[in-house]
Amino acid sequence: MEFDAVIFDLDGVICSTDEYHYKAWKAMADGMGIPFDRTINNRLRGVSRMASLEIILEKYEGPALSDGDKQRLAEQKNDLYRESLHEMSTADLPAEVKETLDALRAMGLKLAIGSSSKNTPFILGQIGLGGWFDAVSDGNNITRSKPDPEVFVKAAEMLGMPADRCLVVEDAVSGAEAGHRGGMKVACVGDAAKNGAGDWNMESVRELTDIVKG
Ligand code: BG6
Ligand code: MG
């Protein structure tokens with residue numbers, strides 16, 4: 001086997017919360033009169049909540065905002081986002097993802113989450129994966145957001161695996177960079193795959209069962 005562990009990003013890889021993120025940021029930006037579109041949104045993939053806000057505020061032209069103002073804007077976005085998360089259920093875990101996770105586990109691999117999101121525990125619970133992974137490293141246990149490798153390095157530590165035995169799965173260019181900076185190989189889907197950011201750029205996560213075999 002080429003790898004002993006797989007570390008999955010959550011948003012945009014395990015489930016499609018990325019559209020909920022977009023809609024919540026869009027509502028906040030519209031309320032502030034800030035131009036925001038899907039091109040800018042792609043830069044937010046993998047990036048922490050406050051760092052995402054800073055990217056959106058690059059186009060803000062109003063009076064100066066205090067740290068407190070920024071906290072309130074981020075909270076406003078998160079409240080809207082959490083409303084969408086409450087609608088999520090096990091139906092939001094795609095069959096191809098669940099079947100791939102089960103197949104990788106049956107092959108004896110350790111499986112972890114490496115996500116920038118502080119909402120990770122809630123989302124995993126909603127889609128029926130609470131307590132399922134061998135380790136969960138997320139926005140609650142890191143101080144530096146992707147493309148810093150911290151979240152993946154911590155996931156590997158939790159699993160007790162050296163970096164070069166771990167494969168990272170990402171949909172974000174920033175996340176692929178984080179994996180590489182952590183000394184890991186990266187398999188990409190979605191936006192990151194379109195940008196050729198991975199060592200493998202996949203059409204579907206189903207390809208992982210072959211990739212891990214080498
Ligand atoms: C990442 C998303 O997984 O989590 C980003 O790709 C998001 O778009 C980040 O900003 C932080 O999420 P949260 O849930 O902590 O606001
Ligand atoms: Mg992602």
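Two strands are said to pair if DSSP finds at least two bridges between them. Helices (H or I, at least four residues) and strands (E, at least two) are DSSP runs, numbered from the N terminus.

This report concerns a predicted model, in which local features need pLDDT of at least 70 and side-chain atom pairs count only at pLDDT 80 or more, while totals for chains, interfaces and linings use all residues. Residues are numbered from 1 along each chain as its sequence is written, chains are lettered from A and ligands numbered from 1 in the order in which they are written, and side-chain values use heavy atoms, with hydrogens and water left out.

**The sheet**

An open sheet is formed by six strands in the order β3-β2-β1-β4-β5-β6, and the pairing is parallel.

| Strands | Bridges and sense |
|---|---|
| β1 (residues 5–8) and β2 | four bridges, parallel |
| β2 and β3 (residues 135–137) | three bridges, parallel |
| β1 and β4 (residues 166–170) | four bridges, parallel |

Individual residues mark these pairings. Ala5 has Lys110 in β2 as its bridge partner, Ile113 stands opposite Val136 in β3, and Ile7 faces Val168 in β4.

Strand β2 (residues 110–114) is largely enclosed by the rest of the structure, because four of its five residues are buried (under 20% relative accessible area, with a 1.4 Å probe and protein chains only).

**Helices packed on the sheet**

Contact here means heavy atoms within 4.5 Å. Axes are lines fitted to C-alpha atoms, for helices over the stretch in contact, and angles run from 0 to 180 degrees between N-to-C directions. Helix α7 (residues 150–159) packs on the sheet and touches β1, β2, β3 and β4; its direction makes about 160° with that of β3. Helix α8 (residues 173–181) also packs on the sheet, where it touches β4 and β5 (185–188), and its direction makes about 160° with that of β5.

**A pair of helices**

The axes of helix α3 (residues 49–56) and helix α4 (residues 67–86) come within 10 Å and cross at roughly 105°. Helix α3 is therefore roughly perpendicular to α4 (65 to 115 degrees). Arg49, Met50, Leu53 and Glu54 of α3 make the contact with Lys70, Gln71, Leu73, Ala74 and Asn78 of α4.

Definitions and conventions: Angles under 35 degrees count as roughly parallel, over 145 as roughly antiparallel, 65 to 115 as roughly perpendicular and the rest as oblique. Buried means under 20% relative accessible area, exposed over 50%, partly exposed in between (1.4 Å probe, protein chains only).
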